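Welcome, and please take a moment to look over the sequence and the structure below. The paragraphs that follow walk through them step by step.

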Amino acid sequence: MASTTYTLPPLPYAYNALEPVISQQIMELHHKKHHQTYINNLNAALASQATATQANDVPQLISLQQKIKFNGGGHINHSLFWKNLTPPGTKEANIDAAPTLKNAIVSRWGSEKGFTDAFNAALLGIQGSGWGWLVANKPSGKLEIITTHDQDPVPSPDIPIFGVDMWEHAYYLQYLNNKAGYVEGIWKIINWATAEERFKNGVDSSAILKASI
């Protein structure tokens, strides 16, 4: 049985489109190198899994699970990340592009500032590598801020509304050790229109994977 093969999804904007918040150099390295590596490693692990399944090699199947989790999570998380960013100054970068989500955020955290302060604290509280997420519980729709370790994807049944990559490769070439500067800037390029769609329609990780085959 042949394994599924995933491909690198194109960015929905040019590599320099997120400047000055994220530089072209970072975007090219992050997308072409880091994301591509996760996909290459995922495809290799899935091919090995198919071979081990045919051979009924249970120890090999067990040993492959962490590689599939890590690299599959890296593919899912980055595919979500690219789409929840937009060039600064666009209408999508304004929270008013997400009226339903905006109302839910204000209801949950009291104000937009209350939400961004809480999200920033979660991002800056990550030790090591990981992600910060705004998620909606499915099916209740209740919003929460969570963090995930390394490349762990958002756990089911939560729906990722948007995520922020806090691995050093996402910001270090530009911001060095100023993580707070990166976190402050990211709000200028959040694609609220995409966040609204995910919140209203419940776009989950399985849909992201299907789109990249």
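A residue is called buried when its relative accessible area is under 20%, exposed when it is over 50%, and partly exposed in between, using a 1.4 Å probe and protein chains only. The model is predicted, so local features need pLDDT of at least 70 and side-chain atom pairs count only at pLDDT 80 or more, while totals for chains, interfaces and linings use all residues. Residues are numbered from 1 along each chain as its sequence is written, and side-chain values use heavy atoms, with hydrogens and water left out.

A nonpolar core here is a set of buried Ala, Val, Leu, Ile, Met, Phe, Trp, Tyr and Cys residues joined through side-chain atoms within 4.5 Å. The largest such core has 49 residues, and those with the most contacts inside it are I22, L101, L134, I161, F162, Y182 and W192. Strand β1 (residues 130–136) gives the largest share of this core, five residues. Helices (H or I, at least four residues) and strands (E, at least two) are DSSP runs, numbered from the N terminus. There is also a second, separate core of seven residues, which includes Y6, I39, L64 and I68.

Contact means heavy atoms within 4.5 Å. Leaving aside its neighbours within four places in sequence, W192 touches a list of residues that includes E92, A93, L101, F115, F162 and W187. Another stop is helix α6 (residues 179–186), whose buried residues are G181, Y182, V183, G185 and I186. What covers these buried residues includes α2 (58–83), α4 (112–124), β3 (159–165) and α5 (172–175).

Next, which residues does UniProt list for "binding site"? The unreviewed entry gives H30, H78, D165 and H169; UniProt positions are given in the numbering used here, feature names are shortened, and annotations may be inferred rather than shown by experiment. The four are spread over 140 residues of sequence, yet they cluster in space, with a largest C-alpha distance of 12.2 Å.

Two of them deserve a longer look. D165 sits in strand β3 and is buried, with a relative accessible area of 0%. Apart from neighbours within four places in sequence, D165 is in contact with H30, H78, F81, G130, W131, A170 and Y182. The side chain of D165 also reaches the backbone nitrogen of W167 at 2.9 Å. H169 is found in the loop between β3 and α5, and it counts as buried because its relative accessibility is 17%. With neighbours within four places in sequence again left aside, H169 is in contact with I26, H30, H34, Y38 and H78. Between the side chains of H169 and H30 there is a polar contact (3.2 Å). A polar contact is a pair of N or O atoms within 3.5 Å; within protein, one must be able to donate a hydrogen and the other to accept it, and residues adjacent in sequence count only if both atoms are side-chain atoms.

The same record, an unreviewed UniProt entry, also carries the annotation "domain: Manganese/iron superoxide dismutase C-terminal" for residues 100–198. Over residues 100–198 the chain is 42% helix and 21% strand, with the end C-alpha atoms 11 Å apart.

Now for the charged pairs. A salt bridge is a side-chain nitrogen of Lys or Arg within 4 Å of a carboxyl oxygen of Asp or Glu, and a search of the whole structure finds six. D96 and K102 form one of them (2.7 Å, N to O), and D96, K102 and E112 are linked in a network of salt bridges. D117 and K113 form another (2.7 Å, N to O); they are four residues apart in helix α4, so about one helical turn separates them. E144 pairs with K142, the closest N and O atoms being 3.5 Å apart. E144 counts as partly exposed at 26% relative accessibility, and K142 counts as partly exposed at 48%.

Finally, the backbone has some details to find. The peptide bond from E19 to P20 is cis, with omega near 5 degrees, and P20 is in the segment before α1 (24–55). The bond from S156 to P157 is cis too, with omega near 10 degrees. N56, in the loop between α1 and α2, has a positive phi of about 55 degrees although it is not a glycine.
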